[in-house]
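Subject: A structure for you to look through

Hi there,

Here is the structure I promised to pass on to you. Have a look at it first, and then read my notes below with the model open beside you.

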Amino acid sequence: MSVLTNNLDLFLSTFGQTLQLFAISAVLSLVLGTLLAALRVSPVPVFRGIGATYVTVLRNTPLTLVFVFFVFAYPLLEIVKIDAYTAAVVSLSLYTAAFVCEVVRSGINTVPVGQAEASRALGLTFTQMLGNVVLPQALRSVVPPMTSTMIALLKNTTVASGFAVVQAGSIRDSLSEQGENVLLGLLWVAVGFVILVMPLTYVQQVFEKRWSVAR
């Protein structure tokens, strides 16, 4: 317990950074992933190809390599200068978006084909049909897998500690420098992540219950 109490400021500040990194990356990945899902189900072959290529490449690339590219290789291109934190946000967002895309696409596939056909018969465009008819129904069925994706994103934020981004994953190094018991410190880090995951699980249960009643 002394490891936690003696370094409470360290734990609070680093987990605060973790939450910030998670929140920004979650919003960006959800937006990008939904757009990619729209490309995956687009009637235009070129758009479907772009979406499929993106998902195939990012899903099969280790997250660490994505970080390596944006932290070390991207600055060499001298396009837009970014710091390590921004590189972490971009890496996590782009990587997670590929998984969000597949979750949303699976939800779209659960919507009866007749819904899309009826929308076209009413004269709705693809964008109108997707945004007003298909996606609202699809998102109801993807709450559990989407929550799992967000939980994975939360845990993936620890990768950023290996690239000079201070957050919960970097607690071990700080404790080691101070001569504290690193093993106990890591156990408290694990407890911290369990606490952070619990609200996500609760939100999942709330939405599942609400939307199941709505059906």
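Where is the kink in α5 centred? The answer is A97, where α5 bends by about 25°. Please keep in mind as you read that this is a predicted model.

Let me step back to the whole chain for a moment. Taken along the principal axes, the C-alpha atoms fill a box of roughly 70 × 50 × 25 Å.

Now back to α5, which covers residues 84–110. With 27 residues at 1.5 Å a residue, α5 should span 39 Å, and its end C-alpha atoms are 40 Å apart, which agrees.

The crossing of α2 past α5 is right-handed. In the contact of α2 with α5 you will find 17 nonpolar residues, eight polar ones and three charged ones.

The other partner is α7, residues 126–141. Here the axes of α5 and α7 come within 8 Å, crossing at roughly 105°. The two helices are therefore roughly perpendicular to each other. On the α5 side, V104, G107, I108 and T110 take part, and they meet L130, V134, L135, A138 and S141 of α7. This contact of α5 with α7 divides into six nonpolar, three polar and no charged residues.

Finally, follow the chain from α7 to α8, which holds residues 143–156. The axes of α7 and α8 come within 5 Å and cross at roughly 70°, which means that α7 is roughly perpendicular to α8. Which residues meet there? From α7 they are L139, R140 and S141, and from α8 they are V143, P144 and P145. By class, the contact of α7 with α8 has four nonpolar residues, one polar and one charged. Notice that S141 of α7 meets residues in α5 and also residues in α8.

Enjoy exploring!

Best wishes

Conventions. Residues numbered from 1 in each chain as written. Predicted model: local features only at pLDDT ≥ 70, side-chain atom pairs only at ≥ 80, totals over all residues. Heavy atoms only, no water. Axes fitted to C-alpha atoms, helices over the stretch in contact; angles between N-to-C directions. Helix = DSSP H or I, 4+ residues; strand = E, 2+ residues; numbered from the N terminus. Left-handed = near helix turned anticlockwise from the far one by under 90°. Nonpolar A, V, L, I, M, F, W, Y, C, P; charged D, E, K, R; others polar. Expected span 1.5 Å × (residues − 1). Bend = angle between axes of the 7 residues up to and from the residue. Parallel < 35°, antiparallel > 145°, perpendicular 65-115°, else oblique. Contact = heavy atoms within 4.5 Å.
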